[in-house]
Structures are given as C-alpha cells and as structure tokens.
Amino acid sequence: MKQTLAFLLCLVMGLSLSAQTVKPQDAIFEDYIPLLQKSGYQAYSFDISDFLNETYLITFKIKEYTDSTDVKELDSGFTVPNRMMLNDFSESFQKRILADGTAFDAEKGIYTQSDKMLVGFYPSGTDSLKVAYLSLEGQGVRTMGLSLKPLKLPGNDTSMYYYHTRPFKVSSFEEGKFIPLVLLGSMWVDHQWGFLRFCGENEIDHEMSSTILKYLPHYYVIGVEIKKK
C-alpha cells in the first residue's frame with residue numbers, strides 16, 4: 001500500500017512539473033539589442049517628419065573637444081535634402097520615374113522623402129578608432145572614423161579606450177543653427193579613488209552647460225544644421 005501511495009505521489013509531482021516547461025522560441029530583434037550595445041553598437045533615431053512640408057538641406061556636422069576648450073570641427077562632407085521632387089530632374093527622367101512607378105507620391109510631385117535621421121556608432125576593429133554612422137533614411141548614408149584618446153590608470157601603463165554616448169535634450173529648431181544630437185565622450189580618471197568615471201547627466205543640455213562636460217578629457221558632438229533649399 002505504501003509503495004502504491006509513493007508511486008502515485010511521484011506521478012502527481014511529475015505531472016505538475018511537466019506542466020511548467022521551458023519552451024525554446026525564435027529570438028526576435030529586440031533580444032539582440034543588449035548584445036549589440038555590449039559589443040559597442042549604439043543608435044539614436046530622430047523624427048524629422050515636421051519638415052516634410054518643404055525641402056530642406058540637412059548637413060551633418062561633428063565637433064571635437066579636447067579638455068572642453070580646444071574645439072575642432074570635422075568636415076563630414078555630408079549634406080542631403082530631406083526630400084527630392086520630380087521637378088529636380090529633367091523632363092525625360094521624370095517620365096521614366098512616372099512610367100516605373102517609383103515616385104513616393106507622384107500626385108504631390110515627391111520622388112523620395114525622409115522622416116527620420118539616425119546617428120549611430122560601431123566598432124572599427126581597432127581600439128583607437130570608432131566609426132560614426134550618419135543617415136537620412138532613404139536619402140543617404142555616410143560613415144566617418146573618429147580617433148579616440150587613450151587613458152591610463154595610476155600605476156598602470158596600459159592604454160585603454162573607454163567611450164560612452166549621451167543624447168542631447170531636444171531643442172527648438174532655428175534655421176541655419178547647429179543642433180547637437182549625440183555626444184560620444186571619453187571616461188575620465190578619478191585620481192582620488194583611482195578608477196574611471198562617466199558620471200553626470202543622462203541628457204546633455206543643448207547650450208553645452210551640463211556639468212559632465214567639465215570632466216570629459218575628450219569628446220565629440222554630432223549634430224546637424226538645417227536650411228531651406
């Protein structure tokens with residue numbers, strides 16, 4: 001009788017455990033995001049759909065700061081319109097576009113348009129270089145290598161490269177004025193405690209008044225300048 005009860009108890013426990021199983025499933029894109037971030041990939045997306053009522057030229061700009069004082073502007077060479085109209089092309093090419101049906105909105109005369117900008121970073125394969133990825137969706141992409149500066153902990157001669165990103169606070173639009181979007185900055189050495197820091201605001205003030213900027217030995221500011229065509 002005891003053996004029978006023991007057998008029944010084991011059977012019930014086995015059934016209850018089998019009802020709570022770990023089921024494999026296909027990984028979705030969101031599952032890869034923390035892995036990409038750990039591997040040095042970062043992406044920041046910006047909605048520019050408010051500008052689609054007119055054609056604007058968007059110029060991506062990168063400013064390099066050393067010790068918050070020495071400023072150098074890098075030439076990205078990347079200026080693209082937020083949209084292209086059919087009348088930007090010759091009549092013969094317009095006819096070809098209309099025949100192919102490749103225009104975004106033929107009735108409004110729009111060939112292509114973009115409602116999103118992307119600023120991203122990915123590893124170059126070299127510790128001393130980071131690649132900036134600049135994109136106006138559907139209109140163009142540019143990549144640029146950004147040189148990084150090494151850090152050394154007290155008592156350690158090994159050069160290390162530790163950079164992090166921060167977004168800027170959204171600011172009102174002024175035509176022709178530089179709009180900062182993303183910061184790529186180096187950690188700094190806390191000599192009192194002997195370790196590296198990257199402490200401060202999670203969003204950088206667009207007027208460059210955030211306290212964290214006083215401590216960064218080296219950083220880049222990636223932004224855009226927008227003008228009506």
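**Notebook: charges, rings and a greasy patch**

I began with Lys63: its charged end sits over the ring of Phe178, 4.2 Å from the ring's centre. A reminder to myself: this is a predicted model.

**Entry: salt bridges.** I searched the whole structure and got 8 salt bridges. I looked up Lys229 and Asp88, whose side chains meet in one of them, at 3.8 Å from N to O. Lys229 lies in the segment after strand S14 (218–228) and Asp88 in the loop between strand S5 (83–85) and helix H3 (91–100), so this pair ties together parts that are 141 residues apart in sequence. I checked the cover on both partners. Lys229 counts as exposed because its relative accessibility is 62%, while Asp88 is partly exposed at 36%.

Next I looked at Arg197, whose side chain meets that of Asp190 in a salt bridge at 2.4 Å, N to O. Is Asp190 buried or exposed? I find it buried, with a relative accessible area of 12%. Arg197 comes out partly exposed, at 25%.

Then I went to Lys227, which forms a salt bridge with Glu225, their closest N and O atoms being 3.5 Å apart. Lys227 is partly exposed, with a relative accessible area of 41%, and Glu225 is buried at 14%. Which residues join these two in a network? I noted Lys61 and Glu73: salt bridges with shared partners link Lys61, Glu73, Glu225 and Lys227 into one network.

**Entry: rings.** I turned to the aromatics and got 7 aromatic pairs in the structure. In one of them, Phe51 with Tyr56, the ring centres are 5.2 Å apart and the planes stand at 85°, so I wrote the pair down as edge-to-face. Phe51 and Tyr56 are both buried.

Phe60 and Phe78 have ring centres 5.1 Å apart and planes at 20°, so that pair is stacked. Phe60 lies in strand S2 (residues 56–66) and Phe78 in the loop between strand S3 (70–74) and strand S4 (79–81), so the pair ties together parts 18 residues apart in sequence. I checked these two as well, and both Phe60 and Phe78 are buried. I also jotted down one aromatic cluster formed by Phe89, Phe93 and Tyr111.

**Entry: the surface.** What makes up the nonpolar surface patch of about 580 Å²? I listed Phe29, Tyr32, Ile33, Leu35, Leu36 and Tyr41.

How values were computed:
Residues are numbered from 1 along each chain as its sequence is written. This is a predicted model: local features need pLDDT of at least 70, side-chain atom pairs count only at pLDDT 80 or more; totals for chains, interfaces and linings use all residues. Side-chain values use heavy atoms; hydrogens and water are left out. Patches are made of residues with over 30% relative accessible area and no salt bridge: like charges are joined within 9 Å, nonpolar side chains (Val, Leu, Ile, Met, Phe, Trp, Tyr) within 5 Å. Accessible areas come from the Shrake-Rupley method with a 1.4 Å probe; for residues, only the protein chains shown count as cover. A salt bridge is a side-chain nitrogen of Lys or Arg within 4 Å of a carboxyl oxygen of Asp or Glu. Helices (H or I, at least four residues) and strands (E, at least two) are DSSP runs, numbered from the N terminus. Buried means under 20% relative accessible area, exposed over 50%, partly exposed in between (1.4 Å probe, protein chains only). Rings of Phe, Tyr and Trp (its six-membered ring) pair if their centres lie within 6.5 Å; planes under 30 degrees apart count as stacked, over 60 as edge-to-face and the rest as tilted. A charge sits over a ring if NZ of Lys or CZ of Arg is within 6 Å of the ring centre and within 35 degrees of the ring normal.
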